[in-house]
Amino acid sequence: MDFLIWIGAAISATGLGGLLWCIARVWRARKAGLSEEALRAELQRVVPVNTGALLLSVLGLMLVVLGIVFSG
């Protein structure tokens with residue numbers, strides 16, 4: 001079940017990349033000095049991507065754990 005571990009690690013790394021992208025986007029929006037409404041709109045656009053990236057990370061880690069359990 002080694003393949004399950006590697007697939008899970010790749011999915012989790014993709015989710016982590018998405019989370020880092022969300023952090024960078026919000027950080028840039030805050031540094032840009034946007035108005036309250038514009039910043040709120042930017043955050044509302046980032047939240048679904050953030051949630052999806054978190055879901056990918058969790059699913060990837062679940063696959064890694066399953067791969068470890070099934071290979072042992």
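Which residues of α2 are buried? The points below take up that question and the packing around it.

1. This is a predicted model, in which local features need pLDDT of at least 70 and side-chain atom pairs count only at pLDDT 80 or more, while totals for chains, interfaces and linings use all residues. Residues are numbered from 1 along each chain as its sequence is written, and side-chain values use heavy atoms, with hydrogens and water left out.

2. The buried residues of α2 are E42, V46, A53, S57, G60, V64 and G67, where buried means under 20% relative accessible area, exposed means over 50% and partly exposed lies in between, with a 1.4 Å probe and protein chains only. An α-helix has 3.6 residues a turn, so residues three or four places apart point the same way.

3. Helix α1 (residues 2-31) packs with helix α2 (residues 36-71) at an angle of about 160°, and their axes are 7 Å apart; helices here are DSSP runs (H or I, at least four residues), numbered from the N terminus. The axes are lines fitted to C-alpha atoms over the stretch in contact, and angles run from 0 to 180 degrees between N-to-C directions. The two helices are therefore roughly antiparallel to each other, a term that applies to angles over 145 degrees.

4. The crossing of α1 and α2 is left-handed, that is, the near helix is turned anticlockwise from the far one by less than a right angle. The residues of this contact divide into 24 nonpolar, 9 polar and 4 charged, with Ala, Val, Leu, Ile, Met, Phe, Trp, Tyr, Cys and Pro counted as nonpolar, Asp, Glu, Lys and Arg as charged, and the others, Gly among them, as polar.

5. Helix α2 has 36 residues and reaches 51 Å from its first C-alpha to its last, close to the 52 Å expected at 1.5 Å a residue, the expected span being 1.5 Å times one less than the number of residues. At V46 α2 bends by about 30°, and a proline, P48, follows within four residues; the bend is the angle between axes fitted to the seven residues ending there and the seven starting there.

6. P48 lies in helix α2 and, at 52% relative accessibility, counts as exposed. L54, also found in helix α2, is partly exposed, with a relative accessible area of 48%, and L54 and I11 are 43 residues apart in sequence and 11 Å apart in space, C-alpha to C-alpha.

Key
Angles under 35 degrees count as roughly parallel, over 145 as roughly antiparallel, 65 to 115 as roughly perpendicular and the rest as oblique.
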